[in-house]
Amino acid sequence: MAIIAGLNISPISRLKKTWSKVQLAKFSILEHQMDPSSNFSSYRSTLKAAMWRSAGATDERQRIVVPFFSLLVKDLYFLNEGCSNKLPNGHINFEKFWQLAKQVTEFIAWKQVACPFEKNPRVIAFLQARPVWTENALALASFECEPPDNNPEKERYKALKSELNAQ
């Protein structure tokens with residue numbers, strides 16, 4: 001979801017030359033998997049397949065499952081808040097607690113998988129040293145990467161440059 005969100009922000013989505021190098025078939029698959037319709041049913045199917053693959057994996061890389069954390073938290077919240085602790089007959093709602101325990105146990109199992117990929121100190125140092133850019137800084141970088149190609153973009157670029165010069 002973070003990849004889709006990052007690629008769909010305005011400063012990135014406008015980069016025609018950059019997008020011409022993207023394998024759109026792979027991007028479409030990723031977009032389909034993160035489609036929010038039907039309560040993320042495509043994502044949920046993909047997650048189940050990843051869990052199944054992980055359970056029988058012999059290769060450490062196939063054991064990795066990275067859930068969409070926000071959706072996991074949302075599911076836990078609504079399961080906890082949306083279901084009563086007790087049934088109408090006064091008995092404990094074991095199904096609710098079973099589902100909560102199942103989801104938390106799965107998450108703990110995913111978290112405990114050791115990452116088989118080597119850390120690259122240069123990449124880590126690069127990412128840690130990069131500043132967090134504002135929306136305007138991203139837009140300006142986008143225009144410097146690929147010049148504006150229509151009047152609204154040209155006006156936006158001029159405004160961003162004059163704002164930068166005023167600082």
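In which kind of crossing, left-handed or right-handed, does α5 pass α6? Before selecting anything, note that this is a predicted model, in which local features need pLDDT of at least 70 and side-chain atom pairs count only at pLDDT 80 or more, while totals for chains, interfaces and linings use all residues. Residues are numbered from 1 along each chain as its sequence is written, and side-chain values use heavy atoms, with hydrogens and water left out.

Select helix α5 (residues 37-55) and helix α6 (residues 69-82), whose axes lie 12 Å apart and pack at an angle of about 125 degrees. Helices here are DSSP runs of H or I with at least four residues, numbered from the N terminus, and axes are lines fitted to C-alpha atoms over the stretch in contact, with angles running from 0 to 180 degrees between N-to-C directions. The two helices α5 and α6 are therefore oblique to each other, given that angles under 35 degrees count as roughly parallel, over 145 as roughly antiparallel, 65 to 115 as roughly perpendicular and the rest as oblique. The crossing in which α5 passes α6 is left-handed, a term for a near helix turned anticlockwise from the far one by less than a right angle.

Now show the side chains between them: Asn39, Phe40, Tyr43 and Arg44 in α5 meet Leu71, Lys74 and Asp75 in α6, where contact means heavy atoms within 4.5 Å.

Buried means under 20% relative accessible area, exposed over 50%, and partly exposed in between, using a 1.4 Å probe and protein chains only. Although methionine 1 and phenylalanine 68 are 67 residues apart along the chain, their C-alpha atoms are separated by 6.9 Å. Not counting residues up to four places away in sequence, methionine 1 touches Met34, Phe40 and Phe68.

Finally, select serine 142 in helix α9 (residues 135-145), which is buried, with a relative accessible area of 5%. Leaving aside neighbours within four places in sequence, serine 142 is in contact with Pro11, Arg14 and Leu15.
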